[in-house]
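This briefing is for a reader who wishes to go through a model by topic, with the cut-offs behind each term given where the term comes in. Please keep the sequence and the coordinates at hand while reading.

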Amino acid sequence: MRKLIGISAPLIVTLTLAVGCSTGADEPVSLDDPEITYTNETEETDPSLSEAEEEGSEEDKDAEENKNTDEDEDADAEPTPDQDPEAQNLRQLYLFDSNGMVVPQTIELPKTDSTMKQSLEYLVADGPLQDVLPSGFRAVLPAGTTVDVNHLKEDKIAVANFSNEFEEYNVADEKGMFEAVTWTLTQFDDVDEVKIEVNGVELEQLPMSETPIVGNFSREDGINLDYSNVVDFTNSQDVTVYFLGSHENETYYVPVTRRVADADNEIATVVNELIDGPSLQMRTLLTEMNDDMMLLNDPEIKDGELVLDFNEAIQTMVGDQSYIEQSIIESIALSLTERNDVEKISILVNGKENVFSESGEAVETIQRPAHINKNPL
């Protein structure tokens, strides 16, 4: 298992994390899309309208009032991701890094009314992504690929219909390409599953390997699969954890789905997988956790809050001062908030709350970052 030694904080902090007020963020991070208020313009009464005309138009007025009432009700409804202009700036695009891992990169995109379609268009090689492509990363879809997206909102399904160029990829990229499309689309709250078509015909198998496709794609299928230690597939389950990748002195977070033995406490299993670190199969990945780290109590969730009580090994000692590395805090937050029932996390050391980050500030409640691997704007 490869461990990361001596990475400085400026290289690690590639995303913004809400750690109470300890990370230096101006405002707490929220998982919800920004609120937007719609206003309806109503026509003013024409002063030249006669009293008789006003009386004769009562039915029209009633109809207009009913129309405005309907519009107000629609305006009060929460906007979908494709409608919310405040949420159209930053998108997570899942790209290949220099080691072929599928990695989220948060990139600012032009505002559009079709954010799902736009997100996939930015996955195409030699397309609009080229102008904003992070160093060490490459697009996942073949050059010349075009796409349309049909959002079946009630079913929470996004149907991605690609052109023929979609099938002209390197077989080594096949698994990752389908993972990237799936995870890019399922970043939207109204998408749980993805159906893929080519020229309007649903795919029944992966084009290159001819592996059968059973049902729709979802995050439950995993990403950057690591099944190297699986012995019994029947009595095991998938968990997704986040380690560090690196390119030219820059670090970023990489999701890895592992197959692990069934356990009574899945949260403890996830934490232990983080402590174990990347497997030999994932030898390009890194971690700042160490083998001496351990949970002192079984984690419990109450009202969406998870409390983790670690031993002192989670801390780094400098003189008489101790702190938790930022990458450890962020890997824990990303990995455990993959679960829908975990909204926020509190970290204790030996049962005490007096824990500090490497910035010297107290570590309070932490939440999932709004943006993963955010690129400078």
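Buried means under 20% relative accessible area, exposed means over 50%, and partly exposed lies in between, with a 1.4 Å probe and protein chains only. With that scale, Glu 210 is exposed, because its relative accessible area is 52%. This is a predicted model, in which local features need pLDDT of at least 70 and side-chain atom pairs count only at pLDDT 80 or more, while totals for chains, interfaces and linings use all residues. Residues are numbered from 1 along each chain as its sequence is written, and side-chain values use heavy atoms, with hydrogens and water left out.

**Overall make-up**

- The protein has seven helices and 13 strands, where helices (H or I, at least four residues) and strands (E, at least two) are DSSP runs numbered from the N terminus.
- Of its 377 residues, 45% count as buried, and the accessible surface comes to about 19,800 Å², of which 42% belongs to carbon and sulfur atoms; accessible areas come from the Shrake-Rupley method with a 1.4 Å probe, and for residues only the protein chains shown count as cover.
- Among contacts (heavy atoms within 4.5 Å) between residues at least 6 apart in sequence, 66% join residues at least 24 apart.

**Salt bridges**

- The structure holds nine salt bridges, a salt bridge being a side-chain nitrogen of Lys or Arg within 4 Å of a carboxyl oxygen of Asp or Glu.
- One of them joins the side chains of Asp 226 and Arg 258, with 3.5 Å from N to O; this pair links distant parts of the chain, since Asp 226 is in the loop between S6 and S7 whereas Arg 258 is in strand S8 (residues 250-261), 32 residues apart.
- Arg 258 also forms a salt bridge with Glu 273, the closest N and O atoms being 2.7 Å apart; Arg 258 lies in strand S8 and Glu 273 in helix H6 (residues 266-276), so this pair ties together parts that are 15 residues apart in sequence.
- Arg 339 is partly exposed, with a relative accessible area of 22%, and Glu 266 counts as partly exposed at 28% relative accessibility.

- Ile 267 is found in helix H6 and counts as buried because its relative accessibility is 4%.
- Leaving aside neighbours within four places in sequence, Ile 267 is in contact with Pro 299, Ile 301, Leu 306, Leu 308, Leu 336 and Arg 339.
- Helix H7 is largely enclosed by the rest of the structure, because 11 of its 11 residues are buried; among them are Gln 326, Glu 330 and Leu 336.

**The loop between S6 and S7**

- Asn 235 is found in the loop between strand S6 (201-202) and strand S7 (236-247), and counts as partly exposed because its relative accessibility is 46%.
- Leaving aside neighbours within four places in sequence, Asn 235 is in contact with Ala 261 and Asp 262, and its C-alpha atom is separated by 10.0 Å from that of Arg 259, which is 24 residues away along the chain.
- Glu 220 is found in the loop between S6 and S7 and counts as exposed because its relative accessibility is 72%.

**Backbone angles**

- Most residues other than glycine have a negative phi, and most peptide bonds are trans.
- Glu 210, which lies in the loop between S6 and S7, has a positive phi of about 60° although it is not a glycine.
- Asn 373, found in the segment after S13, has a positive phi of about 50° although it is not a glycine, and is buried, with a relative accessible area of 2%.
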